Amino acid sequence: KADVTRLISAKLCLPWRYTQELAGLVQRKTRGNPFFIAQFLKSLIQNHTLQFSVKSRRWEWDCDVVDMQMISDGVAELLTSTFSCLPDEVMQVVKIASCLGSQLEESTVDALNSRNEFLPFNMHTQLALAVEEGIMEKAGPVYQFTHDIIQHTIYELIPEDNREILHKTIGKNLLRYSGNNNALHLLATDQINIFCKGIGCNPSDDERAQFVECNAKAAKVAIAASSFMQAQSYIDAGLQLLEAQHWESQYCLSLNLYEMSASVSCINGDISTMSSRLDEILSHCRTFDDSLKASSLLIKLLSSMSKFEEARSNCLRILSNLGEEFPSQINLPAALREMSQMQIMLKNITKDQIQSLPPMINKDKIAAMKFLNMLCMYSVIFKPLLLPLLSSRMMKLTMEYGFCADSTVGLATAGYSIFIFTDENQLASNIGKVCESLVEESPMK
């Protein structure tokens, strides 16, 4: 180390006391080889980790950033030649780490290390030895391989027949201790899916069922994080693991996966997959309630294709099944009669009055409000005369059954209808202000 410090001090024209910490890092990453030292310093300069400051008239660096720099290919190849001399326990641990990628968090090690069920020794102890050997580095709570070559070489040392089994074993152990740790659950699912994609994959029936549920939960986590492409990959993995007669034997799980697939496909703009998933659901759902989510997505699909009349017809059919009938033909006198009743109902409406309503709990009415909301959007474009009837029905349901997320839309549509079809501009303005206040205070804003 003294020689490395002397070399770096000479090159940077700085006293030893300034370069000792940097020299220690360079020594560890290059094994003191002069050629590798030159390569490493050159890479630090190229990526501006080591740079000359005109202001202070000296070379400057951040040791924490230097510590995160990868070693050179030559050092990595030098280290790989020493693997055969490592203790078996260290090699077992680094092989497991190589299955998890270039980095490994302490929380993951803790889960695998729990009660020594996975390995009969402490993984942290062996990882510390791997750090001493220069195979891995530790920065805070993260272990990482010092070079991709090392990680790849160690992974290749695992016999091909054993890799898939090791991935499954890692995944199942992480799954057992993941609990509410979503990051750990995703990591476990990724390991399981690597196993399932393998040529020799042959999980038992119980494992298949467990892996389907594992992917379904992972998809929900990814959706919550707005990672929709990742969610689709988990959904596809889950669908591939379903049984041949899954609509009979795994009905709820199948419905859940197909609904998520249709929703995510809609967001990703994959209309073909969305359409096929909806057809599958609507041809296999057992009850009307089970078809509601798929029906709402189908209506959105139709509207995105500018098939507003077909979307409107579907909405009206579903609302009829939910107990909310509307006349097939609507004329202006009928719309105005509805407007008169709604004006009386909303004449002195206030924000406090709306907020004092109990929450809506009737499932059929909540579903009806959702479809009424969608129908309002399409009617603005296609059938404006329907708006007074729709908004009036939404407000009647709100007053009778309680407030829900779609009640504000009903109130806003009522204000819009009053403005369009009557001269009560002041009432329409008051309703608009109430809606604005409700939106501002809504947790879903």
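Here are some questions and answers on strands, helices and a pocket in this predicted model.

Q: What makes β1 and β2 count as paired strands?
A: Pairing needs at least two bridges between two strands. Strand β1 (residues 50-53) and strand β2 (residues 58-61) are joined by four bridges, in the antiparallel sense, so they meet the cut-off of at least two. One example to look for is Gln 51, whose bridge partner in β2 is Glu 60.

Q: Which residue in the hairpin of β1 and β2 takes a positive phi?
A: Look for Arg 57, with a positive phi near 60°. This hairpin has four residues between the strands.

Q: How do you know that β3 and β4 are edge strands?
A: Start with the order of the open sheet, which is β3-β5-β4, with antiparallel pairing. β3 (103-105) and β4 (136-139) each pair on one side only, and that is what puts them at the edges. From one strand to the next, the twist averages 25°.

Q: How do you know that β5 pairs with β3?
A: Three bridges join β3 to β5 (residues 142-145), and the cut-off is at least two, so the two strands count as paired. They run antiparallel, and Leu 104 stands opposite Tyr 143 in β5.

Q: What makes β4 and β5 a pair?
A: Four bridges link them in the antiparallel sense, and at least two are needed, so this is a pair as well. You can find Ala 139 bridged to Val 142 in β5. β4 and β5 form a hairpin with two residues between them, and Gly 140 in the turn has a positive phi of about 65°.

Q: Which residues make the contact of α7 with α8?
A: From α7 come Glu 106, Val 109, Asp 110, Leu 112 and Asn 113, while α8 brings Met 123, His 124 and Leu 127. These residues divide into four nonpolar, two polar and two charged.

Q: What makes up the lining of the second largest pocket?
A: The lining has 14 residues, and Asn 193, Cys 196, Lys 197, Ala 237 and Gln 240 lie nearest the centre. By kind, the lining residues are seven nonpolar, three polar and four charged. The elements giving two or more residues are α11 (182-196) and α13 (228-241). Helix α13 gives the most, with six residues. The space in this pocket is about 250 Å³.

Definitions and conventions
Residues numbered from 1 in each chain as written. Predicted model: local features only at pLDDT ≥ 70, side-chain atom pairs only at ≥ 80, totals over all residues. Heavy atoms only, no water. Axes fitted to C-alpha atoms, helices over the stretch in contact; angles between N-to-C directions. 1 Å grid on protein atoms, 1.4 Å probe; cavity = no way out; pocket = protein on both sides within 12 Å on 5 of 7 lines; lining within 4 Å. Points joined across faces, edges and corners; volume = space filled by probe spheres on them. Nonpolar A, V, L, I, M, F, W, Y, C, P; charged D, E, K, R; others polar. Contact = heavy atoms within 4.5 Å.
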